[in-house]
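Here's a quick briefing to read with the structure open beside you.

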Amino acid sequence: MVTISKRCVMTLSDRPKISVFIATSIDGYIARKNGDIDWLTKFNPPTDESEDKDCGFSKFFSGIDVLVMGRNTYEVVSHFDPWPYEGKRVVVISSTLQSVCKQAELYKGDIKHLVEKLHADGFKHIYVDGGATISQFLNMGLVDQLIISIIPIVLGSGIQLFSNINDDKWCRLVTTQAFSNGLVQLRYEVTHY
Ligand SMILES: NC(=O)c1ccc[n+]([C@@H]2O[C@H](COP(=O)([O-])OP(=O)(O)OC[C@H]3O[C@@H](n4cnc5c(N)ncnc54)[C@H](OP(=O)(O)O)[C@@H]3O)[C@@H](O)[C@H]2O)c1
């Protein structure tokens, strides 16, 4: 019997590096059930002058060259004014949308082919966003780095960061950082075994 693994065999040498930078509640939610992230936007930045006000996001963002997000995330960020991803290529994955705003491009199709296309276009570092989308990339062995910022709040319900994960994903803890506003940031390398 032939067993077909869902894991993608692309390695870092034949694809861009792929990272996640995302905030969750203590109980692992990235948004309320209705998609609201009010708890995140009203969370105060660190007070200590020596710390980045955005807990390292700008530094991370300057190191990526393309952002791939799911349709649900796009529908939230498309209302942000100004557009928060100026200067970066933004790809929205959706099988239902017909168009996206002029700063982004719509992709309908296979994730592996998208990664291959971005590699062929010369992109070196992909930032993946949106819980369901991150989970699919992870299931295909297409996440190298997880940077998770835990916000000191318990929401009780909401949209989970990880869903429908196909098997155990071992990770190696690279760094932890606690900020003066109570945010704790965990940086993991996904070891894929
Ligand atoms: N806390 C944070 O830092 C943070 C960060 C990002 C997002 N968020 C929040 O998280 C929520 C969104 O996350 P989410 O898990 O609901 O969804 P998501 O990953 O943003 O979007 C899921 C959608 O993306 C499309 N998609 C994903 N993979 C696809 C594929 N292989 N082929 C075709 N389409 C694909 C599908 O759209 P179609 O149904 O159109 O096919 C799917 O329904 C929002 O509320 C957002 O504000 C929070």
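Let's start with a charged pair: Arg32 and Asp38 form a salt bridge, with their closest N and O atoms 2.8 Å apart. Keep in mind that this is a predicted model. Across the whole structure, a search turns up 10 salt bridges, and a few of them are picked out below.

**Salt bridges**

- Arg32 counts as partly exposed because its relative accessibility is 28%.
- Side chains of opposite charge can pair when their charged atoms come close.
- Arg71 and Glu75 make another salt bridge, and here the closest N and O atoms are 3.4 Å apart. Both residues sit in helix α3 (residues 71-77), and because they are 4 residues apart, about one helical turn separates them.
- An α-helix has 3.6 residues a turn, so residues three or four places apart point the same way.
- Arg71 has a relative accessible area of 30%, so it is partly exposed. Glu75 is partly exposed as well, at 35%.
- Arg89 and Asp121 meet through their side chains in a salt bridge of 3.2 Å, N to O. This pair ties together distant parts of the chain: Arg89 is in strand β4 (residues 89-93), while Asp121 is in the loop between α4 (111-120) and β6 (125-129), 32 residues apart.
- With a relative accessible area of 23%, Arg89 is partly exposed. Asp121 is also partly exposed, at 42%.
- Arg89 and Asp121 belong to a network of salt bridges that also links Glu105 and Lys117.

**Helix α4**

- Which residues of α4 are buried? They are Ile111, Leu114, Val115 and Leu118. Looking down the axis of α4, these buried residues fall within an arc of 100 degrees, so they line one face of the helix.
- The buried residues of α4 pack against several elements: β1 (17-25), β3 (66-70), β4, β5 (105-107), β6 and α5.
- After α4 comes Gly122, which has a positive phi near 95 degrees.

**Strand β3**

- Why does β3 count as largely enclosed by the rest of the structure? Because 5 of its 5 residues are buried.
- In a regular strand the side chains alternate between the two faces of the sheet.
- In β3 both faces are covered: Val66, Val68 and Gly70 are buried on one side, and Leu67 and Met69 are buried on the other.
- β3 runs parallel to β4, and 5 bridges join the two. Met69 has Val92 as its bridge partner in β4.
- Together with α3, the strands β3 and β4 make a right-handed β-α-β unit.
- β3 also runs parallel to β6, this time with 4 bridges. In β6, Met69 has Asp129 as its bridge partner.

**Leu138 in helix α5**

- Leu138 belongs to helix α5. Its relative accessible area is 4%, so Leu138 is buried.
- Setting aside residues up to four places away in sequence, Leu138 touches Val143, Phe162, Ile165, Lys169 and Val190.
- For a sense of scale, Leu138 and Val66 are 72 residues apart in sequence, with 17 Å between their C-alpha atoms.

**Asp144, a loop residue**

- Asp144 is placed in the loop between α5 (131-139) and β7 (145-151).
- Is Asp144 buried or exposed? Asp144 counts as buried because its relative accessibility is 10%, and the cut-off for buried is under 20%.
- The side chain of Asp144 makes a polar contact of 2.8 Å with the side chain of Arg15. The Asp144 side chain also reaches a backbone atom, the nitrogen of Ile18, at 2.7 Å.
- Leaving out residues up to four places away in sequence, Asp144 touches Leu12, Arg15, Pro16, Lys17 and Ile18, along with Tyr188, Glu189, Val190 and His192.
- Val190 turns up among the contacts of Asp144 and also among those of Leu138.

How values were computed
Residues are numbered from 1 along each chain as its sequence is written. This is a predicted model: local features need pLDDT of at least 70, side-chain atom pairs count only at pLDDT 80 or more; totals for chains, interfaces and linings use all residues. Side-chain values use heavy atoms; hydrogens and water are left out. Buried means under 20% relative accessible area, exposed over 50%, partly exposed in between (1.4 Å probe, protein chains only). A polar contact is a pair of N or O atoms within 3.5 Å; within protein, one must be able to donate a hydrogen and the other to accept it, and residues adjacent in sequence count only if both atoms are side-chain atoms. Contact means heavy atoms within 4.5 Å. A salt bridge is a side-chain nitrogen of Lys or Arg within 4 Å of a carboxyl oxygen of Asp or Glu. The arc is that of the directions from the helix axis to the C-beta atoms. Two strands pair if DSSP finds at least two bridges between them. A crossover is right-handed if, with the strands pointing away from the viewer, the path from the first strand over the helix to the second runs clockwise.
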